[in-house]
Amino acid sequence: MMDIAIIVIYLAAMLAFGWWGKRRTKNSSDFLVAGRRLGPMLYTGTMAAVVLGGASTVGGVGLGYKYGISGMWLVVAIAVGLLVLSLVFGSRIQKLKVYTVAQMLKLRYGMDATSSSGIVMMAYTLMLSVTSTIAYATIFNVLFDANRTVSVIIGGGIVLLYSSIGGMWSITLTDMVQFVLKTIGVFFLLLPFAWIHAGGYEGIVERLGSSVFDLGAIGVDTIVTFFVIYTFGMLIGQDIWQRVFTARSPKVAKWGGTAAGVYCLLYGVAGALIGTAAASFMPNMESSDDVYAAIATQILPVGVSGIVLAAAVAAMMSTASGALIATATVARADVMPLVRRLLGRPAQPITSANPEHDMRSNRLYVVVLGLVVIVVATLLNDVVAALTVAYDILVGGLLVPILGGFLWKRATGAGALWSMGVGTVVTLGTMVVVGDVLANEPIYFGLAAGLIAYIVASLLSKPTPANVLKIWTDRLAGTIDSDTDDAPHAVTDLIATAEGRRVKR
């Protein structure tokens, strides 16, 4: 009962912090990117919270249980991706002052067609939110003895409520609570208790042998796959970029993200060590994903186990809420304008003359898509395949034009579109040929084909117009400091001028 009480208090606190965040939310910038004014502490905590979800926490411990210290590589790959993003691209992304990855593509290449990337990004973030919702519902099943549907509705409803109340400000405040819970639960409770119960290093080696501390035990192919999927995915995911947009300055984006990356490295090692220790004293677990909860309930004192279980729920909720607001942002900023253009109707910018109306629109998108997430989560038992398809298309189709836009000045919009199209088609085609959506080949072939198409099409097409590149370089230089999505609209105006037409707003 004490453990249940702790979880209930935690869930109530999430709603309270969500309501507190509402007080800071006055316009779309506040709702979607926390006003772009997070300092180092809030930024580091919220970035670490969003990237370390159920796969990193419960899954990381499970991998340690199966493969020993080598189980750390999944989280290490995530950490490396965050470090590269922060040190190489973070400050430049923050300076762009946009809301979505698709807006960055439009800004860099000067083509409306690149906004079609929002469809892939929306599918990815939606499935990410669904998987997280299913994951924390499994813990509610155990604690509350509730059926799966009720558990999904409870957890998903709470995430929907605090996310829609105050948007990114509410999510930031709840993420900080979740960050503290994860730190206490994993580093200060679960790790020392499990390690002591196992008899330390000597006790583990005596029962399991020294091979559990072999860094390569999980297999080189698996390690490479982790880095290809998770490291690259970290570089271009909307859920991650949207946190970069919240940074107060380029310096915060760079060094705050670096601190979060180092934290993730330590988190990955800690999870693997916990799983390794557990393998020495509970060797007959049927599912490695159950190890985290089994340790909490079997060796920890009552009350302490509640905190550790709350830490697992916190990890899953932080990812679910981050993915939900990312889905809503992409839907409103990229997908709906694309639909409106196809219907011959004018696009509606995120920032309008009526902030209150804009806020209602943002909340409506979060609520509607949050309900979609809950419904999908109740209907599906396993969405790993769907998430893998979305992840492969995301990396195979979008990695090259996104990173290429930062690294290669000669790259053009034609190159970006060909790369997106060829990379996506080859990725999906390889899945069909191989007959396994979980295989590694699709993402490898998709990336290679997309890169070739990007280079060839860019070299064969006319260079990006100078006036489009000027807006891009001015943004990267930090000489434009507006807090609206006027940069993509400015590019649209330039395209229209070149074509001899006018754009209605």
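Q: Which side chain meets Lys470 in a salt bridge?
A: The partner of Lys470 is Asp474, with 2.8 Å from N to O, where a salt bridge is a side-chain nitrogen of Lys or Arg within 4 Å of a carboxyl oxygen of Asp or Glu. This is a predicted model, in which local features need pLDDT of at least 70 and side-chain atom pairs count only at pLDDT 80 or more, while totals for chains, interfaces and linings use all residues. Residues are numbered from 1 along each chain as its sequence is written, and side-chain values use heavy atoms, with hydrogens and water left out.

Q: Where do Lys470 and Asp474 lie?
A: Both are in helix H19 (residues 466-477), four residues apart, which is about one turn of the helix; helices here are DSSP runs of H or I with at least four residues, strands are runs of E with at least two, and both are numbered from the N terminus.

Q: How many salt bridges does the count come to?
A: The count comes to three salt bridges. Asp175 pairs with Arg243, the closest N and O atoms being 2.6 Å apart. Since Arg243 lies in helix H11 (residues 238-244) and Asp175 in helix H8 (residues 148-197), the pair ties together parts that are 68 residues apart in sequence. Asp30 also forms a salt bridge, with Arg37, and there the closest N and O atoms are 2.9 Å apart.

Q: Which residues form the aromatic cluster?
A: Phe89, Trp241, Phe245, Phe406 and Trp472 form one cluster.

Q: Which charged end sits over the ring of Trp169?
A: That is Arg24, whose charged end is 4.7 Å from the ring centre, and Lys22 sits likewise over the ring of Trp19, 5.5 Å from its centre. The rule asks for NZ of Lys or CZ of Arg within 6 Å of the ring centre and within 35 degrees of the ring normal.

Q: Now helix H5, what about Ile78 there?
A: Ile78 is found in helix H5 and is buried, with a relative accessible area of 6%. Leaving aside neighbours within four places in sequence, Ile78 is in contact (heavy atoms within 4.5 Å) with Val51, Ser56, Tyr230 and Met234. The C-alpha atoms of Ile78 and Ser56 are separated by 8.8 Å, and these two residues are 22 residues apart along the chain.

Q: And how exposed is Val84?
A: Val84, which also lies in helix H5, is partly exposed, with a relative accessible area of 30%.

Methods. Phe/Tyr/Trp six-rings, centres within 6.5 Å; stacked < 30°, edge-to-face > 60°. Buried < 20%, exposed > 50% of the residue type's maximum accessible area, 1.4 Å probe, protein only.
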